[in-house]
Amino acid sequence: MGLISIIKKLDAEKLGLHIVTDLELKQIQNYFLELLTDLNEFCDKEKIEWFFGGGSLLGAARHKGFIPWDDDVDIHMTRENFNKFQSKFDSSKILTEKYSLKIPGDKGFIYHFPRIYIKGTSMIPIQSTGKLEELALDIFIMENTYDNKILRFFHGIQCNALLFIDSVVRMDACKAFMIRFAKESRELDKAVKSRACFAKFFKFYSIERWMEISDKCFSKVKNNNSKLVVCTSGSLHYFGELYDREKMCRIMELPFEGKMMKVPAGYEYVLSKRYGQDYMLPPPAEKIEKHVYVSLDLD
């Protein structure tokens, strides 16, 4: 069973965890909508392309907005567009006053994909080092990949190996904090300790260095006209995240919370590949889970 699934099974009340209320969920979504509006305006001005991915894309297609119970946002940029976004970010007074951008390799940053943090918010997820964090929008970069199948295969193996290293060194960094919540879950205790134990083989680099190495490997293919693109940091990993460039990276707009937001022109192809042919059917009510944090402060 995956770590996220194990965490969702925890007895939140017994462990004294914070269960997100409906009002808080709406506040979170409002924060993200403001961020998306600012991001969209900035990117249009700078001619930078971005588009929804993951659950945010599903929400746009199925709900014309956020999935009602969703508490995060995922977007995509190609590497070329992200590099431009990163270089322009600090020049935007609107963005820098309200948000901060973190990339793999930054001090204290334990992720292998960039994130935009919303200043003024505060929370501590269970899967963390225990330090205060801010609400964050995840940027999953769509990378070029080799047209040659053999080269693509070896690049995929290399990327997946680095994803494994990233996961175990991150787990090692989070272990001391997460193990507190394992007293009520043998599954969580076993999952945390078994993953963290591999980290001893990779101690010769810091966690930030491993994230930086991964990011450089993900972006090594420079052909901006490759037939396929790949979301190397996606949950389905390299070989499950290969997409036709024309369908993924050509952009159109869909209504989203009363605004028009960017999505892949082939969003139906993307969602079918990601979630199956019945992606427009919401899950039954009993499978909709509440979101849980160690702490949450939206003021």
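Buried means under 20% relative accessible area, exposed over 50%, and partly exposed in between (1.4 Å probe, protein chains only). All views show a predicted model, where local features need pLDDT of at least 70, side-chain atom pairs count only at pLDDT 80 or more, and totals for chains, interfaces and linings use all residues. Residues are numbered from 1 along each chain as its sequence is written, and side-chain values use heavy atoms, with hydrogens and water left out.

**View A. Arg250 and Glu246 form a salt bridge.** A salt bridge puts a side-chain nitrogen of Lys or Arg within 4 Å of a carboxyl oxygen of Asp or Glu. Here the closest N and O atoms are 2.8 Å apart. Arg250 has a relative accessible area of 46%, so it counts as partly exposed. Glu246 is partly exposed too, at 47%.

**View B. Asp215 meets Arg79 in a salt bridge.** The N to O distance is 3.0 Å. The pair links distant parts of the chain: Asp215 lies in helix H8 (residues 207–218) and Arg79 in helix H4, 136 residues apart. Helices (H or I, at least four residues) and strands (E, at least two) are DSSP runs, numbered from the N terminus. Both Asp215 and Arg79 are buried. The structure holds 14 salt bridges.

**View C. Lys203 and Asp172 join in a salt bridge.** N and O lie 2.5 Å apart. Lys203 sits in the loop between helix H7 (186–196) and H8, whereas Asp172 belongs to helix H6 (residues 149–178). Lys203 is exposed, with a relative accessible area of 54%. Asp172 is partly exposed, at 27%.

**View D. Strands S10 and S11 form a hairpin.** Two strands pair if DSSP finds at least two bridges between them. S10 (residues 251–256) and S11 (residues 259–264) pair in the antiparallel sense over six bridges. Ile251 has Pro264 as its bridge partner in S11. Two residues separate the strands, and Glu257 in the turn has a positive phi of about 50°.

**View E. Phe42 and Phe85 form an aromatic pair.** Rings of Phe, Tyr and Trp (its six-membered ring) pair if their centres lie within 6.5 Å; planes under 30 degrees apart count as stacked, over 60 as edge-to-face and the rest as tilted. The count comes to 20 aromatic pairs. Phe42 and Phe85 are edge-to-face, 5.9 Å centre to centre with 75° between the planes. Phe42 is in helix H2 (residues 22–46) and Phe85 in helix H4 (residues 79–89). Phe42 counts as buried at 7% relative accessibility, as does Phe85 at 0%.
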